[in-house]
Amino acid sequence: SDTCYVDEVIKTVEFFGFKEGEYVVRQGWFEDTLPGVVEELKDIGISILRLDNDLYVSTKLCLDMMMPLVIDDGIVLVDDYHFYAGCALAVHEYLGENKLSYRIYNINDLAYFYKTNASVLIEENLRLLKI
């Protein structure tokens, strides 16, 4: 579907503790909307990035353009990760290309990850201590 259900997006954002006025929701075709959004947010950053893309191409485009804007410990929500193979492939390709080992979690049918390697660093430090 080409419709983004704004009420669902807002419900998810508020689940993570954000209040009205602390977030902005943008609707539009990715290739048309993203350049302006990137320009608008480049000096501010993104705390929560929710992707509802369905397809490989649009998911990969959003990750490539928007992930650099996500703040450390920010959250990336991927709506279609479990339902469209192309969406999951785009996530894994992006993480692999950038050598990122973020853990993917789930809330109901929504996949998400934090932009952090804290757990990986802790595991690595523990491994080194055992040597």
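Tutor: Start with Val76. Setting aside neighbours within four places in sequence, Val76 is in contact (heavy atoms within 4.5 Å) with Leu49, Leu51, Leu63, Met67, Val70, Ala111, Tyr112 and Phe113. This is a predicted model: local features need pLDDT of at least 70, side-chain atom pairs count only at pLDDT 80 or more, and totals for chains, interfaces and linings use all residues. Residues are numbered from 1 along each chain as its sequence is written, and side-chain values use heavy atoms, with hydrogens and water left out.

Student: Which residues have the most contacts inside the largest nonpolar core?

Tutor: The general idea comes before the case. In soluble globular proteins, nonpolar side chains tend to be buried together. A nonpolar core is a set of buried Ala, Val, Leu, Ile, Met, Phe, Trp, Tyr and Cys residues joined through side-chain atoms within 4.5 Å. Buried means under 20% relative accessible area, exposed over 50%, partly exposed in between (1.4 Å probe, protein chains only). Here the largest core has 23 residues, and Met67, Val76 and Phe113 have the most contacts inside it. α4 (85–97) is among the elements that give two or more residues. The largest share, five residues, comes from α4. A second, separate core has eight residues, including Leu77 and Tyr112.

Student: What is the bridge partner of Leu49 in β2?

Tutor: Helices (H or I, at least four residues) and strands (E, at least two) are DSSP runs, numbered from the N terminus. Two strands pair if DSSP finds at least two bridges between them. β1 and β2 pair in the parallel sense over five bridges. Leu49 has Val76 as its partner in β2. Five of the six residues of β1 are buried.

Student: How many residues line the largest pocket?

Tutor: Rolling a probe the size of a water molecule over the atoms shows where empty space is left. On a 1 Å grid over the protein atoms alone, a pocket is an open set of points where a 1.4 Å probe fits, with protein on both sides within 12 Å along at least five of seven lines; lining residues have an atom within 4 Å of a point. Grid points are joined across faces, edges and corners, and a volume is the space filled by probe spheres set on the points. The largest pocket has a volume of about 1,200 Å³. It is lined by 42 residues, and Val25, Arg26, Gln27, Phe30 and Arg50 are the closest to its centre. α2 gives the most to this lining, with seven residues.
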